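Open the structure in your viewer and keep the sequence beside it. This tour goes from one selection to the next and says what is there.

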Amino acid sequence: MKKITSIFCLFISVSLLAQPDSLFSGMYSWKEPTKQIHKNILSETLFEGKVYDMEWLQMSANSLLASKKKNKQQVSGNEEHLLIIKSGMLAIHLKDSGWSIGPGSVAILMKYRSKLPIDIARGKVAGGSLVKDWSKIEFKPHDKGGIRNFFERPTAMCKRLEMHVTTLKQGIKSHDPHTHRAEEIILVIDNKTEMQIADRFYKGNTGSIYYLGSNVPHAIQNDATGTCTYFAFQFE
């Protein structure tokens with residue numbers, strides 16, 4: 001069997017105990033998955049640790065091998081999983097619904113443990129688990145490039161979870177260095193970027209990931225010839 005689908009996975013869980021951060025703002029990179037965690041799934045941890053709102057935050061790279069059999073995955077009752085497809089096609093089934101989605105598509109599978117009391121009702125009212133097909137997300141051009149808005153909503157674990165994809169024109173900076181309460185992850189999916197985090201500058205390529213802690217100054221700029229594109233998602 002050959003590898004057909006590559007996926008970024010973000011795993012989030014939260015506890016009642018306040019603990020110091022162990023994951024710091026900075027740049028991380030894609031690693032080719034090599035560890036077998038299932039008979040046809042390979043995985044590699046890209047980063048993990050405690051952050052401002054989360055007891056445990058992990059992003060991993062995963063490859064699914066070609067198979068006619070379904071991989072039955074059950075999200076732990078104390079976690080939330082966010083999947084972003086990097087390459088290939090993924091057939092995904094949630095309860096009685098099914099999708100066939102390609103690169104750039106997103107799936108959220110929601111079960112949680114929260115720092116504050118878990119609000120299952122809030123998650124259900126917001127829509128519960130979801131799948132977003134890249135091909136059905138409208139691209140909205142603007143003077144700096146353009147944006148694809150995936151969603152902004154509460155979940156049972158997060159008061160707010162927001163995701164969009166930004167495309168920047170050559171040489172353009174998204175904004176001057178700024179801060180916000182929400183933590184943020186930037187995932188570069190096309191071309192080169194330069195990210196300022198506090199007083200440091202990082203050069204990122206396709207597959208680079210920037211973790212930005214709560215209220216950490218940051219700004220991203222297109223450092224490529226042509227456009228660059230990246231996912232941005234905030235959570236609090």
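## Stops on the tour

Start with Ala-198, in the loop between strand 15 and strand 16. Strands here are DSSP runs (E, at least two residues; helices are H or I, at least four), numbered from the N terminus. This is a predicted model: local features need pLDDT of at least 70, side-chain atom pairs count only at pLDDT 80 or more, and totals for chains, interfaces and linings use all residues. Residues are numbered from 1 along each chain as its sequence is written, and side-chain values use heavy atoms, with hydrogens and water left out.

Ala-198 is partly exposed, at 39% relative accessible area. The terms work like this: buried is under 20% relative accessible area, exposed is over 50%, and partly exposed is in between (1.4 Å probe, protein chains only).

Now select Asn-191, in the loop between strand 14 and strand 15. Here too phi is positive in a residue other than glycine, near 80°. Asn-191 has a relative accessible area of 25% and is partly exposed.

Zoom in on strand 15 (residues 193–197). It pairs with strand 16 in the antiparallel sense over five bridges; pairing takes at least two DSSP bridges between two strands. Pick Gln-196: its bridge partner in strand 16 is Phe-201.

**Salt bridges**

Next, look for charged pairs. A salt bridge is a side-chain nitrogen of Lys or Arg within 4 Å of a carboxyl oxygen of Asp or Glu. How many salt bridges does this rule give? The count is six.

- Lys-203 and Glu-194: their side chains meet at 3.0 Å, N to O. Glu-194 is partly exposed, at 21%.
- Lys-35 and Glu-44: the N to O distance is 3.9 Å. Lys-35 is exposed at 52%, while Glu-44 is buried at 14%.
- Asp-53 and Arg-181: these side chains meet at 2.9 Å, N to O. The pair links distant parts of the chain, 128 residues apart: Asp-53 is in the loop between strand 4 and strand 5, and Arg-181 is in the loop between strand 13 and strand 14. Asp-53 is buried at 12%; Arg-181 is partly exposed at 34%.
- Glu-152, Arg-160 and Glu-236: select these three together to see a network of salt bridges.

**The cores**

Now go inside. A nonpolar core is a set of buried Ala, Val, Leu, Ile, Met, Phe, Trp, Tyr and Cys residues joined through side-chain atoms within 4.5 Å. The largest has 26 residues; Leu-57, Met-163, Ile-185, Phe-231 and Phe-233 touch the most other members. Strands that each supply at least two residues of this core include strand 5 (56–65), strand 13 (161–168) and strand 19 (228–235). A second, separate core has 13 residues, among them Leu-168, Met-195, Cys-228 and Tyr-230.

**Last stop: cysteines**

Select Cys-228 again: it is buried, at 0% relative accessibility. Cys-158 is also buried, at 0%. The whole structure has zero disulfides, a disulfide being a pair of cysteine sulfur atoms within 2.5 Å.
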